[in-house]
Amino acid sequence: PMRRRTFERRFVDAVGHGVVEEVRKRRVEHARRLLAETDLPMPKVAARCGFSNAQRFSRVFHQTAGLSPTAFRRQHRF
């Protein structure tokens, strides 16, 4: 057992950023794979990656990847 704050501090020390940032990073990585490898509509990609809705997904994806999910998909079509 460990206190939450202790865990968060140790996580930052080990990884270099917080837990929330790591979760967001992993969700966006998963979304990149789905966008490049499938034809799933954006709401389905958002749901499969743990986002509450497609608008939130699009905003976070754009902030992280530097382009919209649609633009990313166009560039990385299989």
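**Fold, core and selected residues of a predicted helical chain**

S68 counts as partly exposed, with a relative accessibility of 25% (buried is under 20% relative accessible area, exposed over 50% and partly exposed in between, with a 1.4 Å probe and protein chains only). The structure is a predicted model, in which local features need pLDDT of at least 70 and side-chain atom pairs count only at pLDDT 80 or more, whereas totals for chains, interfaces and linings use all residues. Residues are numbered from 1 along each chain as its sequence is written, and side-chain values use heavy atoms, with hydrogens and water left out.

S68 is located in the loop between α4 and α5 (69-75). Apart from residues up to four places away in sequence, S68 touches F61 and H62 (contact means heavy atoms within 4.5 Å). S68 and V12 are 56 residues apart along the chain, and their C-alpha atoms are separated by 28 Å.

The chain contains 5 helices and 0 strands (DSSP runs numbered from the N terminus, helices being H or I of at least four residues and strands E of at least two). In order from the N terminus, the elements are α-α-α-α-α. The radius of gyration, taken over C-alpha atoms, is 15 Å, well over the 12 Å that the globule rule gives for 78 residues, so the chain is more spread out than a compact globule; the rule is 2.2 Å times the number of residues to the power 0.38. Along the principal axes, the C-alpha atoms fill a box of roughly 45 × 20 × 20 Å. Of the contacts between residues at least 6 apart in sequence, 44% join residues at least 24 apart.

Buried residues account for 27% of the 78 residues in the chain. The chain exposes about 5,600 Å², of which carbon and sulfur atoms supply 50% (Shrake-Rupley method, 1.4 Å probe). There are 18 positive and 7 negative side chains, and the centres of the two sets lie 5 Å apart. Lys and Arg count as positive and Asp and Glu as negative, without His or the chain ends; each charge is placed at NZ of Lys, CZ of Arg, CG of Asp or CD of Glu.

The largest nonpolar core has 15 residues, of which A31, L35, V45, C49, F51, F57 and F61 touch the most other members (such a core is a set of buried Ala, Val, Leu, Ile, Met, Phe, Trp, Tyr and Cys residues joined through side-chain atoms within 4.5 Å). Two or more residues of this core come from each of α2 (19-37), α3 (42-48) and α4 (54-65). With neighbours within four places in sequence left aside, F61 is in contact with V28, A31, R32, L35, G66, L67, S68, P69 and F72.

M42 belongs to helix α3. Not counting residues up to four places away in sequence, M42 touches L35, A54, F57, P69, T70 and R73. The C-alpha atoms of M42 and A31 are 9.5 Å apart, the two residues being 11 residues apart in sequence.

Two further helical residues were examined. Q55, in helix α4, is exposed, with a relative accessible area of 55%. Its C-alpha atom is separated by 15 Å from that of A71, 16 residues apart along the chain. V15 is found in helix α1 (residues 4-15) and counts as partly exposed at 39% relative accessibility. V15 and C49 are 34 residues apart in sequence and 22 Å apart in space, C-alpha to C-alpha.
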